[in-house]
Structures are given as structure tokens and as C-alpha cells.
Amino acid sequence: MEKFIQLTLSGIANGAIFALVALGFVLIYKSSDVINFAQGELLLIGAYLTYTTVEMIGLWWPIGVVIAVVLAAIIGVLVEQLVLRPLIGEPTISVIMVTIGLSLLLRAIIGGIWGVTPRTAPQFLPRDTITLFGANVGVDRLWAFALALTLFVLLTLFFRYSREGIAMRAVADDQQAALSMGISVKRVWAIAWAIAAVTASVGGILLMSIFGGVSGQIARVGLLVFPVVILGGLDSIPGAIVGGLIIGLLQSFAGGYLPPELGMGEVAPFIVLLLILLVRPYGLFGQRIIERV
Amino acid sequence: MQPMLALNNVEVIYNDVVLVLKGLSLTVPEGRIVALLGSNGAGKSTTLKAISGLLKPENGEVTDGEIRFLGQPIHKKDAAEIVRMGIFQVLEGRRVFEHLTVEENLRAGAYTSGWKGFDEKLEMVYSYFPRLKERRRQVSGFLSGGEQQMLAIGRALMAHPKLIMLDEPSLGLAPLLVEEIFQIIRQINQDRGVTILLVEQNARLALESADYAYIMENGRIVLEGLPADLKDNPDVREFYLGLNEVGRRKSYREVKTYKRRKRWLS
Ligand SMILES: Nc1ncnc2c1ncn2[C@@H]1O[C@H](COP(=O)(O)OP(=O)(O)OP(=O)(O)O)[C@@H](O)[C@H]1O
Ligand SMILES: [Mg+2]
């Protein structure tokens, strides 16, 4: 029982991080129909920037994290303006090829700047454990969960009440109608990329603190965005959250209960991905419009 | 006095090849309701999009002539700028944001005019359309067609425009509801002094509401005049009001002669 609770709690904490990363992906897809294969690199960017500001420059970690997140948002906007904007009106498959290329390019740039050897990183989230429902849980997991939750609440308020948030949802519903009321679609795309970069880099930073280092392992978590969004539906924000939690739990249980030699913790999410594609390709919450790419 | 809106010999081409407006001219005086009539594919929606700057996303372009609003040329401006100058197009087919609530749709309409004075504007819209107030928290995809049309017009009012362009507001609505909506359009024009350019297939209603009317065929204006005069014009009676000499509805067989006479019209 104790093991079950432990796995559940860490699954939920990881799932919240996956959901955060998937949320950015969904935002980009909803507002501009772009499938962003470079989401994993956005995680790495956040982690390495924080590594730089906190470990290399030596800033107090909250300041280092804020600077890293702001820089990541700027990078997100630049990527949208320089790489994706010129592709407006191109076929989906070309845009996909470009985002795959973008992910390779970003990976090469990151390797060029920070090297490819894993770095030990600042663990600013507290490392101690506490007992919750009779199980030992890392406090860092709880922090990760709380931070992800805070970000979700802030974003929900943004989408519900702010001018730009409502404009973003309007563009996702009907681009031409949004244009007809003077909403700038280009601005909406830029904001979508900025938010995606922020949520992904926060995810990357949390993972860095949990793993105690920066390495390709973080970008591998970025890959999990695909099972998450396929499960939840490419165009559904609640789907990203629920999908993230389900995949987090699944990974945790598969890793904890099945023989470790099988490596099921890593593989299980992708088995689900295949099953979902076979059974319900628009996801649990997605709209039933499917385009094969 | 110069008109509020003037189109002068406007030519519009889609995809660099398809010539849709072929030298169209019309004017809209301030404070009036002007109707633009014509059959399917005449280029009515294209005319409105040329004015509102919505051609670009459809790969269309004003290639000749000019469009002036309050004396300023606007055919090179983008849609957001044109909305801020005071022109608001209500698109054909209502086009409400289906996943947004009624009130969020109205907020989207107020995008350019901002959150300041939002509550007063909201009350103003609800005073014209009390039904929207009852459904303010409802997701607009579940509204009836008539309520969606009201929402589309309300959304336009939220931007405080000087000129509202309505593209077939009667489309797909029951006759009684159409009467109601036209009544509200006239009322908005009268109490708020908003100028209206009205595109319609329902010629009878449009001619009843408008101060002046244009009839277009094939990318050009072929007839214009006061509604009273147009209603007496035998061609208009036959082709647009569907009435023959005796004032009865035409039979299908008679409609066939329409093609021949129509060519003469253009
Ligand atoms: N995006 C586009 N690309 C190419 N051709 C177009 C485009 N939009 C409209 N057209 C063509 O322009 C012509 C006029 O279309 P428009 O929509 O302006 O007509 P309309 O008078 O509004 O018709 P309806 O009463 O059916 O709405 C049609 O022949 C149409 O096929
Ligand atoms: Mg039309």
C-alpha cells in the first residue's frame, strides 16, 4: 500500500510536469495548426539557461530562474517570427519537417554552447522527504506539483479574463472572424510561442532540480509530450492536463511494479500512444477532425 | 458633402488570376442605410472584404481603383487598422466563436476598443438584444441561429464602429426573426447614428429598410437608386423581388427567361 501511494504521488508530480510541457504544444497547435516537434528542446533551453544563471554566474536561484524563463520566452517568440511565420500557408507536412529540423538545429546549438556531457545542476528544490498518507515522498516532487498547478491556475485566469487570452481563444475558434474584429493573429501566435517556451522551460527547470542535473534525459521527457497530447487530443487544454497526469501515473506504476529489466517505465507511454492511435486517434478530448500527416 | 465611404472603380483579383470585382463604384453617406443586392457569386462579400481589409488572408487583392473612408484611402491598410478607424464587418454566416460564451464573444468584439467602458457597452448591447443577456454565460455554439446573428451584430456594436457592414444577416433565419433583426438594425442606425452597408439576397426586406440601394451583377454595379424607384423597376421586380406584372410569385418556368434578361442587365 505504501508503495502504491508513493508511486501515485510521484506519478502525479511527474504528470503535472508533462502536462505543463504538453500545454505549450497544444497552445501552438490550437492557434496556428503547427505541430511543434521542438518542444523537447524548449525544455532543455530552460534547464541550461538556469544552469548558466545559477551555477555558472552564481545568481540567487529565484532570480536566476526568472531570468532564464524570460530569456526562454524571448527565444520562443524569435523562433516563431524567424522560422514559422515565413511558412504561413505552406502545407502541414512542410511545417512539420521544419519543426523537426528546428529541433535538430536547437539541439546542435545547445550542444555547441553547453557541450554534450551531462552537468550536475543546482538542486534548489528541497531534497528532504516527508510522510504523506503513510508514504515517504520527496518534497521536491510536491514543489514541482505545486508550481505546475500555480501556472495552470494563472494561465486559466489569463485565458478567461484577459484581452489577449480571449483573443487567443477567438483565433483558435475562427481565425477570419477574429481578424474581422481587429485581433492581430500574428500577435496571438507570438504569445502562444512565448507561453509554450515558458511552460516548457519551467518543466525543464523542475526536472533539472529533480534529476539533479542537465542532460539529454530532460529532452527525452520532452518526447513524452506526444503520448500526452495524442491521449488528450491535440487541440484540448484540459486534455493536455488529464493526459499528462495519466501518462505520469502510468509511467510511475509501470516502472514500479513491472520488472525493471523490461524498462517499462520508459516504454509504456509509447505503447499507449500506439493503442490510442489505433482506437481513438482524435484523443480523449479532441475534436474529431483528423488529418493524416 | 463628401460621403463617408467611397469606392471608386475598384478591381479585385483572387490568386493573381480570378478577376471578381471589375471596376465597382459605390458611395455610402454618413448616417444612412445603404443596401447592396445581387445574386449568388455577384461579388457582394468580396466587396465588403475589400473594404474591411479581409481579402489578404484569402489571397485576394485590390489591384485597381481606390477605397476612401472619411477621406482617407484605406485599401492598403490591414484589417486591424481598418477596425480601429471605425469599420466593422459582420461576416456572412454569423461566425460566432463557438467555444466562447456569449459574454466572451462580446469581449472579443471589444478587442480594439479595450476593457474601458466595457460594462456600459455590454448593457447597451443587451438593451438591443435582451435574449443575449439571458444567455450571457452560455457557450455560443449552442445558441439558435437567430441568437447567433444577434451576437454577431452585438459583437460589432462593442467595437463602437462608425460603419457596420452586414453580410446577409437574414441567411437561414425564419421570416419572423428576420423581421425582428431588421427592425433592430434600423433602430441601431437611428438611435446611434451608425452608418450601415447591408448586403442581402432578401431584396424585399433590404429595400424596405434602406435609404439607397445598389444592385450588382458579375462584379459591377448595374442599377442604383432610391428603394421606391427600384421597387417599381420591372427588372428588379422580376429578378430580385420574384414578382411578375400582376404581383404574383413567379413560377419556375418563368424564371428560366431570367438568364437572358439578366445578361442584358449587366
Ligand atoms: N478566396 C477566393 N478565391 C477565389 N475566388 C473567390 C474567392 N472568394 C470568392 N471567390 C469568387 O468570387 C466570386 C464572388 O464571390 P462572393 O463571395 O463575393 O459572392 P457573393 O456575391 O457574396 O455571393 P453569395 O451571395 O453567394 O454570398 C465568386 O465567383 C467566387 O467563386
Ligand atoms: Mg456572399
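This is a predicted model: local features need pLDDT of at least 70, side-chain atom pairs count only at pLDDT 80 or more; totals for chains, interfaces and linings use all residues.
Residues are numbered from 1 along each chain as its sequence is written, chains are lettered from A and ligands numbered from 1 in the order in which they are written, and side-chain values use heavy atoms, with hydrogens and water left out.

Ser10(A) belongs to helix α1 of chain A; helices (H or I, at least four residues) and strands (E, at least two) are DSSP runs, numbered from the N terminus. Between Ser10(A) and Gly138(A) the C-alpha to C-alpha distance is 8.2 Å, although 128 residues separate them in sequence. When residues up to four places away in sequence are not counted, Ser10(A) touches Arg141(A) and Ser252(A), where contact means heavy atoms within 4.5 Å.

Helix α1 (2–32) of chain A also contributes to the second largest pocket, as do α8 (185–211), α9 (216–223), α11 (237–257) and α12 (264–279) of that chain, each supplying at least two residues of the lining. Rolling a probe the size of a water molecule over the atoms shows where empty space is left. On a 1 Å grid over the protein atoms alone, a cavity is a set of points where a 1.4 Å probe fits but cannot get out, while a pocket is an open set with protein on both sides within 12 Å along at least five of seven lines; lining residues have an atom within 4 Å of a point. The second largest pocket holds about 390 Å³ of space, a volume being the space filled by probe spheres set on grid points that are joined across faces, edges and corners. Its lining comprises 17 residues, of which Phe211(A), Val221(A), Leu224(A), Gln251(A) and Glu266(A) lie nearest the centre. The most lining residues, four, come from α9(A). By class, eight residues of the lining are nonpolar, six polar and three charged; Ala, Val, Leu, Ile, Met, Phe, Trp, Tyr, Cys and Pro count as nonpolar, Asp, Glu, Lys and Arg as charged, and the others, Gly among them, as polar.

The largest nonpolar core contains 147 residues, and Ile183(A) and Met208(A) touch the most other members; such a core is a set of buried Ala, Val, Leu, Ile, Met, Phe, Trp, Tyr and Cys residues joined through side-chain atoms within 4.5 Å. The most residues in this core, 15, come from α8(A). Domain 1 (5–97 + 160–226) and domain 2 (233–266) of chain B both give residues to this core, so the core lies between them; the domain bounds come from an automatic or database domain assignment. With neighbours within four places in sequence left aside, Met208(A) is in contact with Ala47(A), Thr50(A), Tyr51(A), Ala121(A), Phe124(A), Gly213(A), Val214(A) and Ile218(A). Apart from this core lies another, of 31 residues, including Leu36(B), Val62(B), Ile82(B) and Leu163(B).

In chain B, Leu21(B) is part of strand β2 (residues 18–28) and is buried, at a relative accessible area of 0%. Its C-alpha atom is separated by 6.5 Å from that of Gly43(B), 22 residues apart along the chain. Beyond its neighbours within four places in sequence, Leu21(B) is in contact with residues including Val10(B), Glu11(B), Gly43(B) and Met216(B). Ala210(B), located in the loop between α8 (203–209) and β9 (212–217) of chain B, is likewise buried, with 10% relative accessibility. Residues up to four places away in sequence aside, Ala210(B) touches Ile33(B), Val34(B), Ala35(B) and Pro227(B).

Asn9(B) is placed in strand β1 (residues 5–14) and is partly exposed, with a relative accessible area of 45%. Glu168(B) lies in the loop between β7 (163–167) and α7 (175–192) and counts as buried at 5% relative accessibility. Arg84(B), in helix α2 (residues 79–85) of chain B, is exposed, with a relative accessible area of 56%.

Notes: Buried means under 20% relative accessible area, exposed over 50%, partly exposed in between (1.4 Å probe, protein chains only).
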